[in-house]
Amino acid sequence: CELEALALAILRRHCPEPAAPAGVEWWTLCLDESSEVAWHWDRDYTLESSGVNIHPMLGTVTYLSQGEEKHPQLSTWTLDVLSSVQRTGQDVLLPRQSAAGNAWCTVVPPRVGRHLAFDGRFLHGAFDAAPRSAVVTSERVTFLANVWVGHQPGNASPLPVELQSFSAQGPESLRSVEKALISPAPPREPKVVEADEELRSFKL
């Protein structure tokens with residue numbers, strides 16, 4: 001199907017010659033435009049009881065919607081805050097608690113076809129920096145794909161056979177994304193942000 005083709009295009013774009021068996025764990029997310037996605041790390045959640053955190057090599061977010069000018073949808077935020085390899089049950093502190101005091105942050109506003117790739121160990125979520133109206137006018141639609149190399153998450157499963165049929169007449173948003181993945185994107189510089197008092201630590 002078109003979504004499987006998009007996942008394969010993402011794998012080939014970011015990991016054309018993997019050093020070990022590689023694959024893509026993917027899913028879609030359709031939320032009200034004002035619904036935030038809380039700060040979190042992606043990992044193999046089936047290993048939570050083992051005391052070990054295993055993260056994907058890369059996390060990616062691809063926008064399939066962007067909302068309206070007066071009602072922009074939430075941006076994706078990533079912070080270079082890593083969880084520990086061992087699940088100790090302790091909080092992971094933001095750099096505010098260290099001598100540096102800053103975290104590298106990337107904020108990517110939605111636009112149809114826009115594609116974000118980031119280190120799979122990074123803390124990330126979807127938020128709006130400014131207050132917004134409670135009026136909901138559209139859905140925020142994203143395609144999420146994690147690239148795994150040398151490890152397959154325990155809860156990953158193949159797409160059901162009845163959904164695997166391919167159609168050449170896929171949505172325009174999917175076709176635009178595939179074109180964007182073929183063309184190299186210009187580099188974007190990260191911004192420096194300081195953690196506020198409400199965002200000091202996160203549970204593993």
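**Group meeting talk: aromatic pairs, strands and cores**

There are two aromatic pairs in this structure. To pair, rings of Phe, Tyr and Trp (its six-membered ring) need centres within 6.5 Å; planes under 30 degrees apart count as stacked, over 60 as edge-to-face and the rest as tilted. Take Trp 39 and Phe 127. Their ring centres are 4.8 Å apart and their planes meet at 35°, so this pair is tilted. Trp 39 sits in strand β2 (residues 37-40) and Phe 127 in strand β10 (residues 122-127), so the pair ties together parts 88 residues apart in sequence. Helices (H or I, at least four residues) and strands (E, at least two) are DSSP runs, numbered from the N terminus.

Before I go on, some ground rules. This is a predicted model: local features need pLDDT of at least 70, side-chain atom pairs count only at pLDDT 80 or more, and totals for chains, interfaces and linings use all residues. Residues are numbered from 1 along each chain as its sequence is written, and side-chain values use heavy atoms, with hydrogens and water left out.

Are Trp 39 and Phe 127 buried or exposed? Both are buried. Buried means under 20% relative accessible area, exposed over 50%, and partly exposed in between (1.4 Å probe, protein chains only).

Now β6. Six of its eight residues are buried. β6 runs antiparallel to β10, and six bridges join them. Strands pair if DSSP finds at least two bridges between them. Thr 78 has His 124 in β10 as its bridge partner. β6 also pairs with strand β8 (residues 103-108), again antiparallel, over four bridges. There, Thr 76 stands opposite Val 108.

Look at Asp 80, in β6 (residues 75-82). Asp 80 is partly exposed, at 27% relative accessible area. Setting aside residues up to four places away in sequence, Asp 80 touches Ala 103, Trp 104 and Phe 122. Contact means heavy atoms within 4.5 Å.

Next, the largest nonpolar core. It has 10 residues, including Leu 6, Cys 15, Leu 58 and Val 147. Such a core is a set of buried Ala, Val, Leu, Ile, Met, Phe, Trp, Tyr and Cys residues joined through side-chain atoms within 4.5 Å. Which elements give two or more residues to this core? They are α1 (2-14) and β11 (139-149). α1 gives the most, with four residues. Apart from this core lies another, of nine residues, among them Trp 39, Trp 41, Leu 79 and Phe 127.

Last, α1 itself. Its buried residues include Glu 2, Leu 6 and Ile 10.
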